[in-house]
Amino acid sequence: MAVLTQQQLSKLAKTFEDRTPEELIHWAAETFGNRLAALSAMQQSGSVVAHMISRLKLDIPILFVDTGVMFQETLETRDRIAQEYGLSVRTLTPKLSMQEQTEKYGVLYLSAEGQKMCCHMRKVEPLLEIKGEYDAFLGSLRRADGGRRGDCPILAIDVEMNTVRINPLANFTDEQMDAYLKEHHVIVNPLHAQGFSTIGCNRCTTPVLPGEPKRAGRWRHLGPWSQYCGINPTDIDDGSSTAIELSADLVDRILGQKTDYII
Ligand code: SF4
């Protein structure tokens, strides 16, 4: 095994700034092979990544965390993506149903502390359950979404999952996104047309009014300090824990280097 640090990845990512999303997805597929999956919450940026994977004819599974309280429109979008794009969509679920969780802990999402616990149990833990199956995840974070994503990296370390996160759309502007959606008639979650700029659980997501920040509709009942759930570690990391361990071969492939281990 070999250590891969955020510093090494950041250096590499600087050389990736001019690459297109499709080139970044190709790099990820070539580098990680069948140890790569894409994460999608079935929002429009996730649909764009899914469409690109399908158009590039790559065999990359899509992972979707179904918290048990998703909008029907989101579940239908997931099913359409699988059927119409011919992709393998794997749905991950929490251990407890929302009813079982509520009986055990009460209605958690009504307080800031409870929200953290609820998001961890319903979004982060289902991913942790599959820890070790993949070395990298394609995400769909964009700098154009602002807030903590304003400087989201193209490549990041995910210490909790011991994986590399790749954000091929990091540099995709709103204009590029609109143009891509129109040109390719991408399957889009219908909730976007109803004013939802981002989409999560039906308990904690509301539409956004004109002029409001994009993430104003998330956990609106808790105030503006609760806008991220923790499923994307780059939203919450303080940058202090920034190394993972992968096979030496894979670290060489990621960094584009060859190491002679015979002494
Ligand atoms: S978004 Fe709300 S309902 Fe969904 S997991 Fe987080 S706190 Fe729970």
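Predicted model: local features only at pLDDT ≥ 70, side-chain atom pairs only at ≥ 80, totals over all residues.
Helix 7 (residues 174–184) is hardly covered, the count of buried residues among its 11 residues being zero; a residue is taken as buried if 20 or more other C-beta atoms, placed from the backbone, lie within 10 Å of its own, as exposed if 12 or fewer do, and as partly exposed in between. Helices (H or I, at least four residues) and strands (E, at least two) are DSSP runs, numbered from the N terminus. His-185, which follows helix 7, has a positive phi, near 45 degrees. Residues are numbered from 1 along each chain as its sequence is written.

Six strands form an open sheet of mixed pairing in the order 4-3-2-5-7-6, two strands being paired if DSSP finds at least two bridges between them. Strand 4 (89–92) and strand 6 (155–158) stand at the edges, and because each has a single partner strand, one side of each is left without a neighbour in the sheet. Neighbouring strands of this sheet are turned by 30 degrees against each other on average, direction ignored; axes are lines fitted to C-alpha atoms, for helices over the stretch in contact, and angles run from 0 to 180 degrees between N-to-C directions.

Strand 2 (residues 36–39) pairs with strand 5 (residues 136–138) in the parallel sense over three bridges, with Leu-36 standing opposite Ala-136 of strand 5. Strand 5 also pairs with strand 7 in the parallel sense, again over three bridges, and here Leu-138 has Ile-166 of strand 7 as its bridge partner. Strand 6 and strand 7, by contrast, run antiparallel and are joined by four bridges; Leu-155 stands opposite Ile-166 in strand 7, while Asp-158 has Thr-163 as its bridge partner. Four residues lie between the strands of this hairpin, in which Asn-162 takes a positive phi near 50 degrees.

Strand 7 is covered on both faces, with Thr-163 and Arg-165 buried on one side and Val-164 and Ile-166 buried on the other. In a regular strand the side chains alternate between the two faces of the sheet. Helix 1 (residues 6–14) lies across strand 6 and strand 7 (163–166), running at about 160 degrees to strand 6.

The largest nonpolar core has 47 residues, of which Ala-38 and Leu-138 touch the most other members; such a core is a set of buried Ala, Val, Leu, Ile, Met, Phe, Trp, Tyr and Cys residues joined through C-beta atoms within 7 Å. Helix 3 (residues 44–55) supplies the largest share of this core, five residues. Beyond its neighbours within four places in sequence, Leu-138 is in contact (C-beta atoms, placed from the backbone, within 7 Å) with residues including Ile-25, Ala-28, Val-49, Ile-60 and Pro-168. A second, separate core of eight residues includes Leu-108, Cys-118, Cys-119 and Cys-201.

Cys-119 lies in helix 6 (residues 112–128) and is buried, because 23 other C-beta atoms lie within 10 Å. Cys-119 and Cys-201 are 82 residues apart in sequence and 9.7 Å apart in space, C-alpha to C-alpha. Both belong to the 13 residues around the ligand, among which Tyr-109, Cys-118, Cys-119, Cys-201 and Cys-204 come nearest, a residue being near a molecule if its C-beta atom, placed from the backbone, lies within 6 Å of it. By class, this shell has seven nonpolar, three polar and three charged residues, where Ala, Val, Leu, Ile, Met, Phe, Trp, Tyr, Cys and Pro count as nonpolar, Asp, Glu, Lys and Arg as charged, and the others, Gly among them, as polar.

Terms used: Contact = placed C-beta atoms within 7 Å.
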